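Me: I have a structure open and want to learn how to read it. Can we go through some features together?

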Amino acid sequence: MDPRGLEFALFQGWQQGMSSISSIGSVQLSFAARQLDAVREFYRGTLGLDEMPVPDGRLLFALGDATLSLSPVAEVSREVRADYLAIRTGAYDDILLRLRDAGYHPVCSLPDALPRVMYVKDPSGNQLAFLG
């Protein structure tokens with residue numbers, strides 16, 4: 001295996017047109033139940049995602065052709081979790097402005113970097129990467 005790891009190998013395969021995966025169908029993240037209002041406001045208000053009604057206490061948002069499902073838990077475990085959720089966007093500058101206006105401080109790549117990337121944590125500590 002290449003010392004740069006599996007992610008590099010998968011990227012190389014994608015560059016060569018070998019990937020049969022075209023997109024994410026759904027993403028499941030957890031959040032501390034006590035932060036329900038803040039998490040909803042972040043995804044619906046700050047990011048502008050459309051919330052879909054569900055009867056079981058989860059928050060469900062449309063994410064292009066995919067869904068983002070956020071499940072409330074008593075306590076968020078830091079031991080086993082994804083490092084971040086990467087979201088491709090055509091509205092990078094708009095999202096950056098909305099995040100800053102809402103009091104968030106995203107960490108951004110240089111303006112001329114391609115792709116442009118910004119990282120920010122939601123109210124429950126889930127890290128998001130926006131690719132634009």
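Reply: Start with the nonpolar core: a set of buried Ala, Val, Leu, Ile, Met, Phe, Trp, Tyr and Cys residues joined through side-chain atoms within 4.5 Å. Buried means under 20% relative accessible area (1.4 Å probe, protein chains only). This is a predicted model: local features need pLDDT of at least 70, side-chain atom pairs count only at pLDDT 80 or more, and totals for chains, interfaces and linings use all residues. Residues are numbered from 1 along each chain as its sequence is written, and side-chain values use heavy atoms, without hydrogens and water.

Me: Which residues of the largest nonpolar core touch the most other members?

Reply: That core has 24 residues, and Tyr43, Leu47, Leu68, Leu70, Leu99, Leu128 and Phe130 touch the most other members. Helix α3 gives the most to the core, with 4 residues. Helices (H or I, at least four residues) and strands (E, at least two) are DSSP runs, numbered from the N terminus.

Me: Which residues of α3 are buried?

Reply: First, the general idea. An α-helix has 3.6 residues a turn, so residues three or four places apart point the same way. In α3 (residues 92-101), the buried ones are Tyr92, Ile95, Leu96 and Leu99. They cover an arc of only 100° around the axis (taken from the directions from the helix axis to the C-beta atoms), which puts them on the same side of α3.

Me: What covers them?

Reply: The cover includes α2 (36-46), β6, β7 and β8 (127-131).

Me: Where is the cis peptide bond?

Reply: It joins Leu114 and Pro115, with omega about -5°. Pro115 lies in the loop between β6 (107-108) and β7 (117-121).

How values were computed. Buried means under 20% relative accessible area, exposed over 50%, partly exposed in between (1.4 Å probe, protein chains only). Contact means heavy atoms within 4.5 Å.
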